[in-house]
Amino acid sequence: MELFSNLAIGFDIALSPYTLMLAVIGCFIGTIIGALPGLGPSNGVAILIPLTFTMGLDATSALVLMTSVYYGAMYGGRISSILLNIPGDEPALMTTLDGYPMAKAGRAGDALVLSGVASFVGAFLATVGLMLLAPMLAQVAFLFGPAEYFALYLLAFATLGGMASNNQAKAAIASCIGLGIAMIGVDNNSGLPRLTGGNMHLFDGIDFLVAIVGLFAIAEVFFFIESHGKNTSIGVKLEKVTIPVKDIMASGWTMLRSSVVGFIAGVLPGAGASLGSFLAYMSEKSIAGEKGGFGTGVPRGIAAPEAGNNAAAGGALVPMLTLGVPGSGTTAVLLALLMTLNITPGPMLFTERPEVVWGLIASLLIANFVLLLMNVPMVKIFVKVLSVPPWVLLPGVTMISFVGIYSLSGSYFDLLLMVGFGVLGYVLRKLDVPTVPIILGILLGGHMEDALRRAMVLSNGDWTFLFSSGISITLWIIAVVGFVAPMFLRNILKKPQRITD
Amino acid sequence: MTKRLFKALATSAILGLGATTAATAAECIAPANPGGGWDFTCRQIGKIMYDIGAVEKPIQVTNMAGAGGGLAFTHVVSERNDDADLIVAASSATSTRLAQNAYAGMTADQVRFVGAIGADPGVIVVAADSPYQSLNDLIEAVKADPGGIAFAGGSAVGGFDHLKPLMILQRAGVEDVKAVKYIGVDGGADAITQTVGGFTQAMSGDMSEIVGFLKSGDVRAIAVLTEERVPGFEDIPTAKEQGIDVVAVNWRGLYVPKGISDDDFQKWADRLQQVADSDEWKEAMAANGLAPFTKVGNDFQSYVDGVVSEIRALSKEIGVIQ
């Protein structure tokens, strides 16, 4: 009963016309930010924070606006993944795997609607989960120590091998390159810089966004130049948008399962949306088996990562609100916003500031419905931005990428680095080495290493510490099975599919 | 076709607007990504300066993450040395890194520290169910088995959160401080979850990081590293009264470029003083667990110089730097 009275407080705040308007504006801006490569949700939200001050918004309104932008960006990321094969943000990376092939097969509209619905299911379930379980779930964070985190990341890497490419060795090389790049920067456990060549710009390591935009968007530009614009893969035509009822129905269970996986990944501090969408995709892929055709543009391959990453976005709010530990980059920015508004997230937030928490939850629910409306019937509006001819679009995308990346740290070094990654991406694609494992290596490798190093410090280098709890043993078993099983099954099953064209 | 092109351009123009700086507004560089203490300093101080009318236009916050603040420091020294409209967020972490020569040869006297208007008292906390009731219980446990106690903190190895327990143990006469384990995780709240979860025995951090967990009863603070007990947290004993004379606070303040005129320097010092005196700042401090700590102008510069040489000596002694 308490839940309903709390929700009533929340809706009372969130349903005022002004707040509602903020939610709609936030969703719209967020979707555009998400759709543009280089502008991820975290810098999108960061750029907009000053706006809330200039507008003189109170705490709740500011929070409503910013979380709408956050959820909107999580929705929007899929648009350029599907239409351009360039992930709009990190978590949308996995959506390129099936979304783009589907779009190329002339079903761009279906892919967008399906992924919009999947996003809705993921985000909606996560918001409900946040509402019902937040205080309880906060306890989960206490169960995860360095050994458990290491096992979790290992699980992600173990399934990577089975992930893609018609050449396993190339996928392995790609993930090793990613891991190597992840090592760059100041080592947290000794305070010493590694592989930086004394260059201060590299002390904090390489930002994922720089790598993503370089490997995908800039590499695409090089291909475009090489082919003089002919046979470019950019700019898939979008014809009529209809609702693919059959596909949505068929992937119903996928969405539910992926939402659960994504939500759990989001709740764990330090895992976040990218891991959520990755694990959701990989678990669905293994459930479907080789017959599922993952990687060729199947509906379930689109539904899984989208439900997963949106659920993770909601899940990431759990540790932020209850512990003050941001579960992802964007929630770190939201945390900053909260602190600036004199709200200290933590175990007492739910009891001390119920109007903030429940106002936020209610507005998330509202934002979700607004986003569903914006992203399904009105998806054409967003698509129009991206459906200009390639010779106009590509320079535009490049320009936005440069602005977006520059806004990360305000340094031209990142721009050079991005172009460097573009060259790398071009060469690798020529060699038929997949680029997705590289990003995952960068994204997860640093965390995995940190977890291992911390575990070793705590245990005096005793490696049995890694198997010292029920959680870590379970994760290890799943990881080993996930790694070994495909090797034995390969002879029985057909050749795995390629991930990119 | 042209309509579409126009739309695309308009969209990018709108998005670009947020990132560009108005030419005349003052700028505050937060040398970290949004979300941390430096970002908070810039945004909060910037907002209050505008609200109370100390500046005419809202202060533009730029995030320039990199090298633990080193990138922003180098940028200010080499490219903005005479920019009178520039302030940069700083804290104890800035002086610690300068002392440990972690900014690639940059030194503290290449900028002017204009003032600090609040400090986050250092704290040592244990989980609520921990057997250690006081700082001395913990110290005895370390003496008995230096490798048996692990600390977690939000800064990297050698950072301020790591130095705090080392300073305490050193004053308490522990010989082998290097054997004490420390893991640096992503922020104070994360360090607390590791400690409450039982993976580490104690957490070294700032008061602001533990406020929520203190209220919820998950952790117990066994020492605060200030001269006097902190208002609002009178039940937490200082390390000093437990016989360990260590004072370590994480001040929040600003530095400005070296090359600006004394008048401009004084202008920022005055503005900072105005913020310190404002009710808005008092409210912000209370909400974030900051204790009053106002030092502006030349007074603050000499304080920072003192801290830098102290930390340098200490870091050498305990082997963090050569």
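Predicted model: local features only at pLDDT ≥ 70, side-chain atom pairs only at ≥ 80, totals over all residues.
## Two helices of chain B

The crossing in which H4(B) passes H11(B) is right-handed.

On the H4(B) side, the residues that take part are Ser95(B), Thr96(B), Leu98(B) and Ala99(B). They meet Val304(B), Val307(B), Val308(B), Ile311(B), Arg312(B) and Ser315(B) in H11(B).

## Leu314(B)

Helix H11 of chain B also holds Leu314(B). Is this residue buried, partly exposed or exposed? A residue needs 20 or more other C-beta atoms within 10 Å to be buried, and counts as exposed with 12 or fewer. Leu314(B) has 18 such atoms within 10 Å, so Leu314(B) is partly exposed.

If residues up to four places away in sequence are not counted, Leu314(B) touches Leu163(B) and Met167(B). Leu314(B) and Leu163(B) are 151 residues apart in sequence, while their C-alpha atoms are 8.6 Å apart in space.

## Chain A and its helix pair

Chain A contains 21 helices and two strands. Of its 501 residues, 62% count as buried. Among the contacts in chain A between residues at least 6 apart in sequence, 80% join residues at least 24 apart.

One pair of helices in chain A consists of H2 (residues 17–35) and H4 (residues 59–84), which pack at an angle of about 35° with their axes 6 Å apart. H2(A) passes H4(A) in a right-handed crossing. The residues of this contact comprise 17 nonpolar and 11 polar, with no charged residues.

## The largest nonpolar core

The largest nonpolar core has 276 residues, and the members that touch the most others are Ile439(A) and Val114(B). Helix H5 of chain A (residues 95–137) supplies the largest share of this core, with 20 residues.

What does Ile439(A) contact, leaving aside its neighbours within four places in sequence? Its partners are Leu93(A), Gly178(A), Phe208(A), Ala211(A), Ile212(A) and Leu215(A).

Note on methods. Residues numbered from 1 in each chain as written. Chains lettered and ligands numbered in written order. Core = buried A, V, L, I, M, F, W, Y, C linked by C-beta atoms within 7 Å. Helix = DSSP H or I, 4+ residues; strand = E, 2+ residues; numbered from the N terminus. Contact = placed C-beta atoms within 7 Å. Axes fitted to C-alpha atoms, helices over the stretch in contact; angles between N-to-C directions. Left-handed = near helix turned anticlockwise from the far one by under 90°. Nonpolar A, V, L, I, M, F, W, Y, C, P; charged D, E, K, R; others polar.
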